[in-house]
Amino acid sequence: MTNRLTTRFNELDAYGRPGFVAYMMAGDGDSQSLLNALPDAGADVIELGMPFTDPMADGASIQGAALRALEAGMTLQGVFAQAASFRENNDSTPIVLMGYANPIHHMGFENFARRAEKAGVDGLICVDIPPEEDEELRTALNAHGIALIRLATPTTDDNRLGTVVENTSGFVYYVSTTGVTGAGSGVATEVGDAVARVRAASGLPVAVGFGVRTPEQAKAIAERADAVVVGSAIVDAMNEGGVEAAVELVKSLSAATHGAKR
Amino acid sequence: MSDTASVDTRPNALSAWPDARGRFGDYGGRFVAETLMPNIIELEAAYEDAKRDVEFQREMEEFLRDYVGKPSPIYFAERLTEEFGGAKIWFKRDELNHTGSHKINNCLGQVLLAKRMGKTRIIAETGAGQHGVATATVAARFGLPCTVFMGATDVERQAPNVFRMKLLGAEVVPVSSGTGTLKDAMNEALRDWVTNVHDTFYVIGTVAGPHPYPAMVRDFQSIIGREARAQIMDRLGRLPDAAVACIGGGSNAMGLFHPFIDDEDVRLIGVEAAGHGIETGEHAASLKGGKPGILHGNKTYLLQDDDGQIIDAHSISAGLDYPGIGPEHAFLHDAKRAEYVSATDTEALEMFQLCTKLEGIIPALEPAHALARVRDLAKELGPEGVILMNMCGRGDKDVPQVAEMLGVSL
């Protein structure tokens with residue numbers, strides 16, 4: 001089936017335009033308002049973070065956001081509710097959930113996939129389930145038309161790339177640097193080579209993230225990738241200045257991304 | 001026998017796990033971020049290679065003998081046997097190892113492996129500080145820089161060990177995220193590893209984490225059970241009725257249990273930390289009070305809430321204060337090959353004092369938990385019975401904390 005992700009990346013491709021992917025944490029501050037405002041601020045795809053107590057691939061910004069969200073009572077059901085509420089007024093911007101295995105496993109993979117589909121979710125990035133372990137999850141997601149988006153990293157050599165891109169769908173998320181979210185970003189030229197490699201192996205669009213914070217960085221990455229992901233910087237803006245500050249940042253980042261020449 | 005992909009590759013014997021995927025039954029596996037997968041796979045190959053290398057084995061044996069002080073003796077705890085009034089109690093004295101606990105058995109193996117793999121930097125997580133001290137010790141011996149992540153709460157309650165690590169040249173990083181205990185230290189170590197993936201070797205201290213760690217740490221710790229089994233056969237001409245050990249992540253217990261798994265008449269008993277009591281919710285008993293889930297690279301029993309969020313463990317003992325348990329214990333639990341019970345903070349404190357007074361051995365608070373259930377078991381088995389308990393660590397590190405709990409100012 002064609003889901004919103006495929007449609008959106010086809011549209012971007014038709015315009016020759018790099019996409020902007022905005023990450024935010026569900027339940028951190030007035031997250032429903034931010035979520036609803038992201039498409040008009042220029043987000044082509046939304047990554048909606050599912051908070052987890054032990055986010056071991058995340059840096060301080062997203063760790064903090066997760067703990068604040070949990071403190072405020074956010075649950076997996078609550079994440080679905082925010083996505084569903086968003087869908088009442090938007091049927092085109094893809095939502096990709098991003099988080100860790102345990103809450104998903106606890107809900108049950110099939111149960112999770114069914115509820116995600118019902119909430120209008122389009123994809124899932126599960127940080128700590130590598131391809132070797134994801135068959136059960138993938139089967140459940142496939143049955144409900146939800147893309148399982150895999151991560152490729154600077155340590156993914158040609159040998160491993162085949163394993164990573166097999167059975168993936170939607171897009172491939174290229175992690176530009178070895179490290180946690182919010183750390184320094186990779187060198188743009190090296191990222192360009194890696195993107196080409198991943199795109200050739202997967203036949204899918206490649207979004208690049210980790211460590212992209214400024215419009216300049218976003219533009220430099222956008223010149224070499226199908227999409228740019230920004231997370232920690234948006235989470236920080238939301239924490240420090242609320243929805244308005246986060247929306248302003250997304251506007252400037254998305255404008256820089258969309259203005260990049262590929 | 002079919003030659004299709006559905007060939008059943010499950011091991012026959014309970015002692016022969018994990019399978020090729022690093023699974024112990026349904027538990028274990030490799031649940032890590034993609035950045036770490038190539039490292040994990042490289043580690044697995046390097047470990048398999050080292051296992052078959054006579055030179056590696058020879059080097060291990062030499063350092064275990066001359067540096068660690070192996071074999072550690074077994075000891076008949078006569079006065080505790082009298083006190084409990086039942087089965088004969090024997091201690092495997094791994095608290096006599098260099099650095100004061102069983103932890104160094106594993107650190108030595110992993111650091112030698114790191115050297116062999118050409119890694120130039122060592123990191124570790126620690127709870128009570130025993131694994132941190134052991135890692136820092138071996139890293140000092142081999143001249144490798146070492147960073148130890150330790151929960152901020154633990155840094156406070158285990159100050160002597162923190163200073164020991166610093167003397168050994170290690171950098172100690174206090175981790176204040178979460179509750180500032182062992183699980184948070186492990187999160188932070190994983191964050192460091194994912195950042196410094198090319199030159200760094202992560203020495204995990206327990207039988208948990210992504211494959212091959214649970215099997216590798218168990219193999220390195222199995223020297224406990226191998227020695228003890230041979231020693232007790234030599235001294236008594238028979239196997240014990242039960243082998244008992246405390247469990248946080250479960251490395252000393254797995255090391256003791258593994259060589260006895262195929263001895264069906266030997267009961268294997270793991271003692272988890274019940275903290276203030278399992279019914280209070282403030283405990284660290286993952287098998288008694290947890291459910292299967294995925295954390296820190298493996299599938300196993302975890303303390304978690306209705307939404308799959310990890311619940312903070314509680315124990316008087318920093319070394320048991322972990323919301324998970326090694327996957328092989330989860331497997332042995334479900335297979336009913338091992339029994340898992342628990343002991344509270346209060347019981348541990350009581351046994352700490354009793355063992356010190358009667359045997360002149362100050363046990364760490366961790367094995368003091370095991371002793372509480374040895375007491376019941378001794379009565380249950382009666383005078384003909386033989387219990388082998390692993391005295392996995394000495395209690396010097398706990399003296400300041402115990403003094404405080406008893407209202408004594410030092």
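User: A residue is buried if 20 or more other C-beta atoms (placed from the backbone) lie within 10 Å of its own, exposed if 12 or fewer, and partly exposed in between. With that in hand, which way do the residues of strand 8 of chain A point?

Analyst: One quick note before that. This is a predicted model, where local features need pLDDT of at least 70 and side-chain atom pairs count only at pLDDT 80 or more, while totals for chains, interfaces and linings use all residues. Residues are numbered from 1 along each chain as its sequence is written, and chains are lettered from A and ligands numbered from 1 in the order in which they are written. Now to your strand, residues 206-209: Val206(A) and Val208(A) point one way, Ala207(A) and Gly209(A) point the other way, and all are buried.

User: Switching topics: how many residues does each chain bring to the contact between A and B?

Analyst: Chain A brings 34 residues, in contact with 26 residues of chain B. Contact means that the C-beta atoms of two residues, placed from the backbone, lie within 7 Å.

User: Which elements of chain A give two or more residues to that?

Analyst: On the side of chain A that touches chain B, those are helix 3 (60-71), helix 5 (101-107), strand 6 (151-152) and helix 8 (158-165) of chain A. Helix 5 of chain A gives the largest share, with six residues.

User: Let's go over to chain B. Which domains does it have?

Analyst: Domain 1 covers 20-65 + 103-216, and domain 2 covers 71-101 + 222-405. Those bounds come from an automatic or database domain assignment. Taken over C-alpha atoms, the centres of the two domains of chain B are separated by 22 Å. Their contact takes 38 residues from domain 1 of chain B and 38 residues from domain 2 of chain B.

User: Which element supplies the largest share on the domain 1 side?

Analyst: Strand 2 of chain B, with five residues on the side that touches domain 2 of chain B. Elements supplying at least two residues there include helix 4 (103-116), helix 5 (130-141) and helix 8 (182-195) of chain B.

User: Is strand 10 of chain B mostly covered or mostly open?

Analyst: Mostly covered: of its nine residues, 267-275, eight are buried. Strand 9 of chain B, residues 242-247, pairs with strand 10 of chain B in the parallel sense over six bridges, and Val244(B) has Ile269(B) as its bridge partner. Strand 13 of chain B, residues 338-344, runs parallel to strand 10 of chain B and is joined to it by seven bridges. Gly275(B) has Thr344(B) as its partner there.

User: How about strand 4 of chain B, what joins it to strand 14 of chain B?

Analyst: Five bridges, and the two strands, residues 88-92 and 386-390, run parallel. Trp90(B) stands opposite Leu388(B).

User: Last one. Why does Val175(B) count as buried?

Analyst: Because it has 25 C-beta neighbours inside 10 Å. Val175(B) sits in strand 7 of chain B, residues 171-175. Beyond its neighbours within four places in sequence, Val175(B) is in contact with several residues, including Phe149(B), Met150(B), Asp184(B) and Glu188(B). Met150(B) is 25 residues away along the chain, with 5.8 Å between the C-alpha atoms of Met150(B) and Val175(B).

Key. Helix = DSSP H or I, 4+ residues; strand = E, 2+ residues; numbered from the N terminus. Pairing = 2+ DSSP bridges.
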